[in-house]
Amino acid sequence: MKNIISKKVQEMQPSGIRAFFDLVLGMKEVISLGVGEPDFVTPWQIREAGISSLEEGFTSYTSNKGLYKLRLTISNYLKNRYGLEYCPDEEILITVGVSEGLDLTLRAIVEPGDKIIVPQPSYVSYGPVAELAGAEVTYIDTQKTNFKLTPGLLEKHIDKKTKAIILNYPNNPTGVSYNKKELSQIHKVLLKHNVLCISDEVYGDLTYDFSHIPFPTFPKAKENTMYLNGFSKAYAMTGWRVGYACGPKEIIAAMTKIHQYTIMCVSITSQMAACEALHSGKRSLEEMKREYRRRREFVVDRFGEIGLECRKPQGAFYAFVCIKNSGLKALEFARKLLKEENVAVVPGTAFGSQFDDYIRVSYASSYDNLKEALARIEKFVKKIKR
Amino acid sequence: MDEILEILEKDARITPEEIAKMLKEPAQKIKETIKKYEKEGVILKYKTVLNKQLFKDEDTSVRALIEVNITPQKDVGFDKIAERIYSFAEVTSCYLISGTYDLLVVIEGKNIHAVSNFVAEKLSCLENVRGTVTHFLLKKYKEDGVVLKHKEENKRIAISY
């Protein structure tokens, strides 16, 4: 049986910290700051819309591209919110979260030997999904530039074979985001080299210090960008699995081809609930955002007191904390913290093997939990430093 | 609403120092603002929300909502008579409302008799009260934004990306 698995998949690197995660899942009474989803449940009016759609008998397939009503709602929303114009017929595809949108984009554009740039630390799937699509992945380490991709770094890594970059802001795991000037500089470099920007902006609505600027809003950027977004983070809808891809119609058409054979369409219940999220979710979104912002300030301040360096994240709900001071490496730190203090965090190595001086702390957890977890981390750090 | 009030309304135990961290303001300033709110009466009281359905409290085990019709008084309207009603210890809430009656009065008592006696002997015989309708409360589901239920267990998996 050994040879039945394709070489490509055999060569895929399984996450090195799987064993650590299994350890966490087996434990009870753990305060977990390792969670990559909101601690809120989906706002009731959105859940209600899903329930009503079931009661009314909406249980069928939808068009491959997704319910027209949802595509139109997204189109209007992007236009009103950011002045972005995407045609609901040809430039929007409803996907199973941003994950599918990313996979489809890569599969639609990659020829064997094409290179895809992934700035690191990055969300875990970018590299493996690009490789599955047949691409060579060029990783850019952003550690020395405060976890920000700079035009200089980008220039250094682009060559003739570079086809696209996967940009993610606000970033998981660092919370780093970019202002207008920084984005514009990145855009100019990409345009110059004719490199597509695959922009994962799923945390865009959770930006705290300045307004989020979608990548395709820059001049000439729309033709050169695949804008990926979803409902999971902003509306606490992770389990509904619904997102969308907006981009040039040729790429959307190519993606739709793959999507129609592999996925067919996204669950109709989720699509109807997503419509409601865009119609009436603003108030809940603002409330959740305020709450995250307060937790962010609290967490950053506490890590300062504990003596672990933690730059203030500008978005999402993660802090990427440097644990160099503790004298431990990420995996060991996480393992010991779990064993001795019952607090779970994610070792930085999950987001790139070189980040073994970092842990990712999610503040998508109640204030009481955060307070207690940080007290335990403080105790733990004092103990190991002694 | 001021964020300090928003935070305290959700959880009054959060200290000024903690609020200072959340809002990135000096703790002294937060303390002063809270003091000011207390002085102005914006913040009236800090209390604990109990789920009285989970334990037996002899004195307050029966609740009723009472619709009260009133003849308003010259110059003071409903206020004076409302005050005479809400001053009774049995009354936990009292609202002036629009519609077919004037005051909605919530009262608590030991048992149905205690509540009935209060309505018959104290409330109804007040000079300006023209009539009452009593509704006994059977079950409380949600009160002032709090759902009266045990916290449900976290349904998220402990680690995810």
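Biologist: In what order do the elements of chain B run from the N terminus on?

Modeller: Helices (H or I, at least four residues) and strands (E, at least two) are DSSP runs, numbered from the N terminus. In chain B the elements follow the order α-α-α-β-α-β-β-α-β-β-β, which comprises 5 helices and 6 strands. This is a predicted model, in which local features need pLDDT of at least 70, side-chain atom pairs count only at pLDDT 80 or more, and totals for chains, interfaces and linings use all residues. Residues are numbered from 1 along each chain as its sequence is written, while chains are lettered from A and ligands numbered from 1 in the order in which they are written.

Biologist: Why is chain B said to be more spread out than a compact globule?

Modeller: The radius of gyration is taken over C-alpha atoms, and the globule rule is 2.2 Å times the number of residues to the power 0.38. For the 161 residues of chain B the rule gives 15 Å, and the radius of gyration is 21 Å, well over that value, so the chain is more spread out than a compact globule. Its C-alpha atoms fill a box of roughly 60 × 40 × 30 Å along the principal axes.

Biologist: What confidence values go with chain B?

Modeller: pLDDT is the predictor's confidence in each residue, from 0 to 100. Chain B has a mean pLDDT of 91, with 100% of its residues at 70 or more. For the model, ipTM is 0.77 and pTM is 0.90.

Biologist: Is A:Lys115 buried or exposed?

Modeller: A residue is buried if 20 or more other C-beta atoms lie within 10 Å of its own, exposed if 12 or fewer, and partly exposed in between, with C-beta atoms placed from the backbone. A:Lys115 has 20 other C-beta atoms within 10 Å, so it is buried. The residue is found in strand E3 (residues 115-120) of chain A. In chain B, 17% of the 161 residues count as buried.

Biologist: Which residues is A:Lys115 in contact with, leaving aside neighbours within four places in sequence?

Modeller: Two residues are in contact if their C-beta atoms, placed from the backbone, lie within 7 Å. With those neighbours left aside, the contacts of A:Lys115 include A:Ala135, A:Glu136, A:Asp159 and A:Lys161. A:Lys161 is 46 residues from A:Lys115 in sequence, and their C-alpha atoms are 5.5 Å apart.

Biologist: Which residues have the most contacts inside the largest nonpolar core?

Modeller: In soluble globular proteins, nonpolar side chains tend to be buried together. A nonpolar core is a set of buried Ala, Val, Leu, Ile, Met, Phe, Trp, Tyr and Cys residues joined through C-beta atoms within 7 Å. The largest has 120 residues, and A:Ile198, A:Val321 and A:Ile359 have the most contacts inside it. Helix H5 (residues 97-109) of chain A gives the largest share of this core, 6 residues. A second, separate core has 14 residues, among them B:Ile66, B:Ile81, B:Leu103 and B:Leu123.

Biologist: Where is the residue B:Lys24, and what is its phi?

Modeller: B:Lys24 is in the loop between helix H2 (16-23) and helix H3 (27-40) of chain B. Its phi is near 55°, a positive value in a residue other than glycine. B:Lys24 counts as partly exposed, because it has 14 C-beta neighbours inside 10 Å.

Biologist: What is the omega of the cis peptide bond from A:Gln120 to A:Pro121?

Modeller: Omega is near 5° for that bond. A:Pro121 is found in the loop between E3 and helix H6 (126-132) of chain A.
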